[in-house]
Amino acid sequence: MGVEGGMKCVKYLLFIFNFIFWICGLALVVLGIVVQVSLHNTYKINDPSASGAPIILIGVGLVIFFISFFGCCGAFKENYCMVTTFAILLSLIIIIEIAAAIVGYVFRNKLSTIVQDSVTDMMNNYNKSKSEFKEAVDKLQQSMKCCGANSSADWKGIAPDGKSVPDSCCVNVTKGCGSGAMYDSAKVFQKGCTAAVEAALKTNILWVIVAAIVIAVLQLLGIVFACILMKGIRSGYEVM
């Protein structure tokens with residue numbers, strides 16, 4: 001005997017919420033991948049702690065992706081065991097998402113030191129690395145409109161003549177434009193890249209935290225609906 005009346009409404013609400021969870025799971029995977037790629041490919045940050053939050057999000061997103069399908073089946077078939085398992089697994093996922101938000105917040109407060117070390121390391125390896133690495137550094141300086149870690153003067157100990165910067169530091173990039181122009185604000189960006197990268201990463205991490213919290217709230221509603229449906233299914237069994 002299937003659920004009737006208000007319980008049938010709860011059943012379909014849970015089914016719809018699971019479809020939303022399925023989309024949210026996919027969104028978490030995409031968001032986690034985007035942040036991870038930004039950290040390692042765009043900003044060249046290799047600190048292991050930086051990968052904590054995005055990796056957790058990718059893992060949670062994949063789990064949600066499959067759990068939501070499980071919940072849909074349980075709601076549609078009105079299977080007490082499947083709905084109960086779904087509620088328990090969803091509760092565990094919420095705990096993990098809260099952990100991801102905490103990791104993201106902690107990392108957000110460590111950004112300044114990590115970014116400073118990463119940008120300085122990028123500069124020190126600029127002339128020793130492959131062309132792909134140089135291109136990544138140049139792209140970073142051009143896109144962020146910055147030069148060096150804290151200022152263009154950071155290239156002083158790296159440039160052979162002590163007064164040149166990479167052409168990617170130039171306001172208008174042309175071949176050789178950075179030669180002897182380290183302190184020329186009309187030709188070269190004077191602000192460093194640390195502050196710019198830190199601001200961009202804080203924005204990305206903030207989105208990760210917001211996404212985790214919003215999805216956790218939606219999942220709490222899903223757990224409530226699952227518990228109500230579980231009660232309705234059990235009542236149906238008792239009537240039978």
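**Questions on a predicted helical model**

Trainee: What relative accessible area does Lys 145 have?

Mentor: Lys 145 falls in the partly exposed class, which lies between buried (under 20% relative accessible area) and exposed (over 50%), with a 1.4 Å probe and protein chains only. The model is predicted: local features need pLDDT of at least 70, side-chain atom pairs count only at pLDDT 80 or more, and totals for chains, interfaces and linings use all residues. Residues are numbered from 1 along each chain as its sequence is written, and side-chain values use heavy atoms, without hydrogens and water. For Lys 145 the relative accessible area is 48%.

Trainee: What is the phi angle of Lys 145?

Mentor: Lys 145 belongs to the loop between H4 and H5. Although this residue is not a glycine, its phi is positive, at about 55°.

Trainee: How many helices does the protein chain have?

Mentor: Helices (H or I, at least four residues) and strands (E, at least two) are DSSP runs, numbered from the N terminus. The pattern along the sequence of the protein chain reads α-α-α-α-α. With zero strands in the chain, the number of helices is five.

Trainee: What share of the contacts in the protein chain between residues at least 6 apart in sequence joins residues at least 24 apart?

Mentor: A contact means heavy atoms within 4.5 Å. The protein chain has 240 residues, and 44% of them count as buried. Among its contacts between residues at least 6 apart in sequence, the share that joins residues at least 24 apart is 72%.

Trainee: Are the rings of Phe 19 and Trp 22 stacked or edge-to-face?

Mentor: A search of the whole structure finds two aromatic pairs. Rings of Phe, Tyr and Trp (its six-membered ring) pair if their centres lie within 6.5 Å, and planes under 30 degrees apart count as stacked, over 60 as edge-to-face and the rest as tilted. The centres of the Phe 19 and Trp 22 rings are 6.1 Å apart and their planes stand at 15°, so this pair is stacked.

Trainee: About how many helical turns separate Phe 19 and Trp 22?

Mentor: Phe 19 is partly exposed, with 48% relative accessibility, and Trp 22 is also partly exposed, with a relative accessible area of 32%. Both residues lie in helix H1, three residues apart, so the separation is about one helical turn.

Trainee: How are the rings of Tyr 126 and Trp 155 arranged?

Mentor: The centres of the Tyr 126 and Trp 155 rings lie 5.2 Å apart. Because their planes stand at 75°, the arrangement is edge-to-face.

Trainee: How many residues apart in sequence are the parts that Tyr 126 and Trp 155 tie together?

Mentor: Tyr 126 lies in the loop between helix H3 (80–124) and helix H4 (131–144), whereas Trp 155 lies in the loop between H4 and helix H5 (193–239). Tyr 126 is buried at 10% relative accessible area, and Trp 155 is buried at 2%. The pair therefore ties together parts whose separation in sequence is 29 residues.

Trainee: Which residue lies over the face of Tyr 126?

Mentor: A charge sits over a ring if NZ of Lys or CZ of Arg is within 6 Å of the ring centre and within 35 degrees of the ring normal. At 5.5 Å from the ring centre of Tyr 126, the residue over its face is Lys 134.

Trainee: What distance separates the C-alpha atoms of Phe 17 and Gly 222?

Mentor: Phe 17 is part of helix H1 and is buried, at 13% relative accessibility. Neighbours within four places in sequence set aside, Phe 17 is in contact with Leu 218, Leu 221 and Phe 225. Phe 17 and Gly 222 are 205 residues apart along the chain, and the separation of their C-alpha atoms is 6.4 Å.

Trainee: Is Gln 219 buried or exposed?

Mentor: Gln 219 has its place in helix H5. Apart from neighbours within four places in sequence, its contacts are Phe 21, Ile 64, Leu 90, Ile 93, Ile 94 and Glu 97. Because its relative accessibility is 0%, Gln 219 counts as buried.

Trainee: Which residues are in contact with Ala 87, leaving aside its neighbours within four places in sequence?

Mentor: Ala 87 lies in helix H3 and counts as buried, at 7% relative accessibility. Its C-alpha atom is 9.6 Å from that of Ile 67, 20 residues away along the chain. With neighbours within four places in sequence left aside, Ala 87 is in contact with Ile 223, Ala 226 and Met 230.

Trainee: How far apart are the C-alpha atoms of Val 103 and Ile 209?

Mentor: Val 103 also belongs to helix H3, and its relative accessible area of 29% makes it partly exposed. Along the chain, Val 103 and Ile 209 are 106 residues apart, while the separation of their C-alpha atoms is 9.2 Å.
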